[in-house]
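Trainee: I would like to learn how to read a structure feature by feature. Please show me where to begin.

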Amino acid sequence: MTAMIDIADAKKTFTMHLQGGIELPVVRGVTFHVNPGECVVLSGPSGAGKSSILKMIFGNYRCDSGRIGIRHRGALIDLAIAEPRQVLNVRRSTIGYVSQFLRAVPRVATIDVVAEPLIVNGMSRADAQARAGSLLHRLNIPERLWQLPPATFSGGEQQRVNIARGFISALPILLLDEPTASLDAANRAVVVELIGEKKRQGVAMVAIVHDNEIRHLIADRIVDVTSFAAAA
Amino acid sequence: MGAQMADQDMIENDQPLLIAESLSKSYGRIAACRDVSFALYPGEVLAIVGESGSGKSTLLQLLSGQLAPSGGCVSYRMRDGITRDLSTLGEAERRFLFRTDWGYVHQDPAQGLRMAVSAGANVGERLMAVGWNHYGRIRDTASDWLTRVEIDVARIDDAPRTYSGGMRQRLQIARNLVTEPRLVFMDEPTGGLDVSVQARLLDLLRNLVAELHLAVVIVTHDLAVARLLSHRVMVMKGGRVIETGLTDQVLDDPREPYTQLLVSSILPP
């Protein structure tokens, strides 16, 4: 099988210039791969570098060394050395990312926040909004909220908008940072269902989940991040 | 994975629109801009950030051909597909480029508008400059653009000096975009506006840039503006580009001491 994500010996250190140049090692020797239709869950205590690894896969954090291999439109691309334009192309058509918090643009209606990834990829506004609506329905966001910007929503509602935005596209890779953290049981179950559907569509996923029950439900494999702990 | 690495250049092989090569500008012994090189592609938004005096405005003037460089050159891919060095263009050619394929949004709308003539004329003037002569069509197109930038068409015959700051800035944007340019330079377009007016303008700009597939070089000292609008940033200090990359990468994982200082100076919302 051809892996969708293939990470080899990736390393990340922060240098804090404003704190006298302190070196803050995050992870080193990060090596794992993810196949299509597989959900790999990263485990380890807070501060072990799980979110940093997701951000490295998304090209949001830079790597000091190593390789972040991503299968993009049939070819292998190394995000650790890719040009900004290439990273943007990979994000548009290959990697989706559900962050812990919604970073919403002021003034944009919820329905449009969710529909945007489809519109960017060429779908008509009406079709994209219809899909966004059905996903918001499934995630129990009442229709009366759809025309409002999500900035004033509760934490759980914002997270569900974020999930809808992340799950709406048919991208072959999905990164999930605590997608169920502030959700109630009913909505957690919806997210587990959505992840199951993505697996059946062959999407490769990397997830961070602290809830043991959810982890058992979604994980095909667990990668222990403590083994990548950078020597202090 | 087994397969060999794809040639990363093959992924997207379209041509750059604007190319800066080793651009420098000095005033006597003071270097305002040193050795700046980059390529801008169609539809790409590049933010130039830095404090006052970092050389970002000088760079914008060099890029838009308003200032001659002391060293290096700027080239632009014209509508006929041929990339030309700006310094080889005649004055008429350069002016034509400015009226058709380029836009320039000033921080102060009064610099980019004619304050005493009507809003409709401000927009229509750009069209007449490229040969439109049918009054009805010019007026229709101008009304259309006022609507797109959220100005009430009932105000079409009023002069911009009767407009609020936010409306003036939106009118300046309409005036620039009416000829469907491929490249727009923006110098602190949200500077001097109230925060609520800024948010509206940013949202409008973001949508227009995406819809029209505009390439933009935007100078700003506001990192929030860079995050919202740009794909890439260049951080300038003392006339040099000290850090460059994908916008969220530079802002979330800044490497240089000066960039870390800029990012850490943002007040939490």
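Trainee: In β2(B), which residue is the bridge partner of B:Ile19?

Mentor: One thing before the answer: this is a predicted model. The bridge partner of B:Ile19 in β2(B) is B:Ala39. That pair belongs to a set of 7 bridges between β1 (residues 18–27) and β2 (residues 30–40) of chain B, which pair in the antiparallel sense. The two strands form a hairpin with 2 residues between them, and there B:Gly28 has a positive phi near 60°.

Trainee: Which residues other than glycine have a positive phi, such as A:Arg73?

Mentor: A:Arg73 is one of them, with phi near 50°. A:Arg73 sits in the loop between β4 (65–72) and β5 of chain A. In chain B, B:Glu180 is not a glycine either and has a positive phi of about 55°. B:Glu180 lies in the loop between α6 (165–177) and β7 (183–187) of chain B.

Trainee: Is A:Arg73 buried or exposed, and why?

Mentor: Count the C-beta neighbours within 10 Å; a residue with 12 or fewer is exposed, and one with 20 or more is buried. A:Arg73 has 12 C-beta neighbours inside 10 Å, so A:Arg73 counts as exposed. B:Glu180 is exposed too, because 11 other C-beta atoms lie within 10 Å.

Trainee: How many residues of strand β8 of chain B are buried?

Mentor: For strand β8 (residues 215–220) of chain B the count is 6 of the 6 residues, so the strand is largely enclosed by the rest of the structure. Read a strand by its two faces. On one side of β8(B) are B:Ala215, B:Val217 and B:Val219, on the other are B:Val216, B:Ile218 and B:Thr220, and all are buried.

Trainee: Which strands pair with β8(B)?

Mentor: Strand β3 (residues 45–49) of chain B pairs with β8(B) in the parallel sense over 5 bridges. One of the pairs there is B:Leu46 with B:Val217. β7(B) also runs parallel to β8(B), and 5 bridges join these two strands. In that pairing, B:Asp187 has B:Val219 as its bridge partner.

Trainee: What do β7(B) and β8(B) make together with helix α7 of chain B?

Mentor: They make a β-α-β unit with helix α7 (residues 195–212) of chain B, and the unit is right-handed.

Trainee: Which residues touch the most other members of the largest nonpolar core?

Mentor: Start with the general idea. In soluble globular proteins, nonpolar side chains tend to be buried together. Here the largest nonpolar core has 133 residues, and those touching the most other members are A:Val114, A:Ala164, A:Leu175, B:Ile48, B:Val216 and B:Leu229. Take B:Val216, from strand β8(B). Leaving out residues up to four places away in sequence, B:Val216 touches B:Val45, B:Leu46, B:Val184, B:Met186 and B:Val209.

Trainee: Where are the domains of chain B?

Mentor: Domain 1 of chain B covers 18–101 + 183–263, and domain 2 covers 113–180. Their C-alpha centres lie 25 Å apart. The contact between them takes 12 residues from domain 1 and 13 residues from domain 2. On the domain 1 side, α2 (91–100) and α7 of chain B give two or more residues each. α7(B) gives the most, with 6 residues. By type, that side of domain 1 divides into 8 nonpolar, 2 polar and 2 charged residues.

Trainee: How is chain A divided?

Mentor: Chain A has domain 1 (5–94 + 171–228) and domain 2 (108–168). The C-alpha centres of these domains of chain A are 23 Å apart. In this chain, 11 residues of domain 1 are in contact with 12 residues of domain 2. The elements giving two or more residues to the domain 1 side are α2 and α6 (185–200) of chain A. The largest share, 5 residues, comes from α6(A).

How values were computed: Residues numbered from 1 in each chain as written. Chains lettered and ligands numbered in written order. Predicted model: local features only at pLDDT ≥ 70, side-chain atom pairs only at ≥ 80, totals over all residues. Helix = DSSP H or I, 4+ residues; strand = E, 2+ residues; numbered from the N terminus. Core = buried A, V, L, I, M, F, W, Y, C linked by C-beta atoms within 7 Å. Contact = placed C-beta atoms within 7 Å. Domains from an automatic or database assignment. Pairing = 2+ DSSP bridges. Right-handed = clockwise from strand over helix to strand, strands pointing away. Nonpolar A, V, L, I, M, F, W, Y, C, P; charged D, E, K, R; others polar.
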